[in-house]
Amino acid sequence: MRWRTPPRSGGLGVAAMSYVAVDYLRHLSPTWHARLQPALWSMLALIAISRVPYYRHWSAEFRYALPFVASMVFMLLALLFEALSVRSVTAVLGLEWHRDTPPLPDTGQWLLLASNEKLPQTIVDILRAPIIGLHHFLMLFMMLAFSVLFDSVEAPGLGLGARYMFTMAIGRLLRAITFASTILPSARPWCAYSRFRVPAYPHRWAQKYYVPYASDANAIRKIINLDIAYANTGSFLGEYRPDWGSMSFLIDFLRPTASEGSSWYSLLKKAGGGCNDLMYSGHMLVAVLTAMAWTEAYGGLSSVFIWLLVMHSAQREIRERHHYSVDCIVAIYVGILLWKMTGFIWPPKDARRDRRLSKLEKIQSRLIQAAKDSDMDGVRELLKEVELSSQEKSPGRSSNWLMWVFPCATIFSALTIVLLAFTYTSDG
């Protein structure tokens, strides 16, 4: 993987730190936060828009428009599958199981509690402070992608965005498959009752294949020997079954109740997350992918700042019992490995070098002859041809209008995505 050398200007790092600091004012001084946050975002948006006429890589952005849209659709489908899986693993065992099943022993939680007794109170307060959240990491990536307008990050920005969303989609699919495979109890036993309205008792699948063999050692030994669900569970309780048409197959997975309405999609929007443990942490996956993108695309001391925010976020996830330690650890190395596996999307490796080499092969004999004749002007002209061959071709007159419309549509769409992401993830 090619790592970009640190940029000469630290403007992006300053902007990132300013954004995090200004947003934290909501906890220290809501009045100043209400004043400074709109001013900061307006200033950043205006600066970005002012650079649009001087951006030289719109043709490269245009080539990545389709992969960008395809990656976005893939990510949205992955998030839909994840939402279905979250509801399913919460619903199948019923609310009573979530309330009565104790959390798993977590040595990471023990370590943090012990550190509270040993560390100075100031440090403990910093570790407890809600400095960074999910929406911060999303916004930091948006800032990174927009920095292509200032040549701080290698173009195209849509290629970077496509890689980010494609990697996110793969990570979300793997996450959903992982936590749906084995259902783990939540570190917050009261969570399910506060978020979900599923039946209190287990689904008939769990009543037949899990409940009779959940705690009795002899029953577990017998089912291992027989390898068949031998217990007589009697008749099952009836459940609410709305008419979802072609989506009725989801009823057994989502377990709706009459109080939740008649739409299957509305069930997925009501809960902010699952209430059993979801291996691995989705918040940490977003954080790690943002840090990996920042490190590769921009580098410098600001990437160290981003990784420190990732570590702070991880210990808060454990400290506040949103996740077990294993969820955060797995999310970190899965995010790193997935990002390294998707390097074929961005940056466009060696494209310009290949064009240079191709042109150099064509003029090799002429270049050698000019060198033999000591024709320095001829050598310069030939080398200039090689350099020009590596540059992106300008669009013809017939497509000039497209190169004006496309930047406007791209900037408008990107700012809209920023606004939507900030709105719908501002609560974490």
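In the predicted model, the crossing of helices α1 and α8 is right-handed. Helix α1 spans residues 11–28 and helix α8 spans residues 134–146; their axes come within 10 Å and cross at roughly 150°. The two helices are therefore roughly antiparallel to each other, given that angles over 145 degrees are counted in that class. On the α1 side, the contact is made by Leu 12, Ala 15, Ala 16, Tyr 19, Val 20, Asp 23 and Arg 26. These residues meet His 135, His 136, Met 139, Leu 140, Met 143 and Leu 144 of α8. Sorted by class, the contact of α1 with α8 contains nine nonpolar, two polar and two charged residues.

Helix α1 also packs against α2. The axes of α1 and α2 come within 7 Å, with a crossing angle of roughly 155°. This angle makes α1 roughly antiparallel to α2. The crossing of α1 with α2 is left-handed, whereas that of α1 with α8 is right-handed. From α1, the residues in contact are Ala 15, Ser 18, Tyr 19, Val 22, Asp 23, Leu 25, Arg 26 and Leu 28. Their partners in α2 are Pro 30, Trp 32, His 33, Leu 36, Gln 37, Leu 40, Trp 41 and Leu 44. The contact of α1 with α2 divides into eleven nonpolar, three polar and two charged residues. Tyr 19 is among the α1 residues that meet α8, and Tyr 19 is also among those that meet α2.

Aromatic pairs were then examined. The count comes to nine aromatic pairs. One of them is formed by Tyr 19 and Trp 41, in an edge-to-face arrangement with 5.2 Å centre to centre and 65° between the planes. This pair links distant parts of the chain, with Tyr 19 in helix α1 and Trp 41 in helix α2 (residues 30–50), 22 residues apart. Tyr 19 has a relative accessible area of 2% and is therefore buried. Trp 41, at a relative accessible area of 21%, is partly exposed, because the buried class is limited to values under 20%. A further edge-to-face pair is formed by Tyr 55 and Trp 58, at 5.0 Å centre to centre and 85° between the planes. Both Tyr 55 and Trp 58 are buried.

Backbone geometry was considered next. A cis peptide bond joins Ala 155 to Pro 156, with omega about 5°. Pro 156 lies in the loop between α8 and α9 (157–181). Another cis peptide bond joins Met 279 to Tyr 280, with omega about 10°. Tyr 280 is placed in the loop between α14 (264–270) and α15 (282–297).

For Asp 151, which is not a glycine, phi is about 60°. Asp 151 is located in the loop between α8 and α9, the loop in which Pro 156 is also found. With a relative accessibility of 35%, Asp 151 counts as partly exposed. Arg 321, likewise not a glycine, has a positive phi of about 60°. The loop that holds Arg 321 runs between α16 (301–319) and α17 (325–341). At 32% relative accessibility, Arg 321 counts as partly exposed.

Technical notes. Residues are numbered from 1 along each chain as its sequence is written. This is a predicted model: local features need pLDDT of at least 70, side-chain atom pairs count only at pLDDT 80 or more; totals for chains, interfaces and linings use all residues. Side-chain values use heavy atoms; hydrogens and water are left out. Axes are lines fitted to C-alpha atoms, for helices over the stretch in contact, and angles run from 0 to 180 degrees between N-to-C directions. Helices (H or I, at least four residues) and strands (E, at least two) are DSSP runs, numbered from the N terminus. Angles under 35 degrees count as roughly parallel, over 145 as roughly antiparallel, 65 to 115 as roughly perpendicular and the rest as oblique. A crossing is left-handed if the near helix is turned anticlockwise from the far one by less than a right angle, and right-handed if clockwise. Contact means heavy atoms within 4.5 Å. Ala, Val, Leu, Ile, Met, Phe, Trp, Tyr, Cys and Pro count as nonpolar, Asp, Glu, Lys and Arg as charged, and the others, Gly among them, as polar. Rings of Phe, Tyr and Trp (its six-membered ring) pair if their centres lie within 6.5 Å; planes under 30 degrees apart count as stacked, over 60 as edge-to-face and the rest as tilted. Buried means under 20% relative accessible area, exposed over 50%, partly exposed in between (1.4 Å probe, protein chains only).
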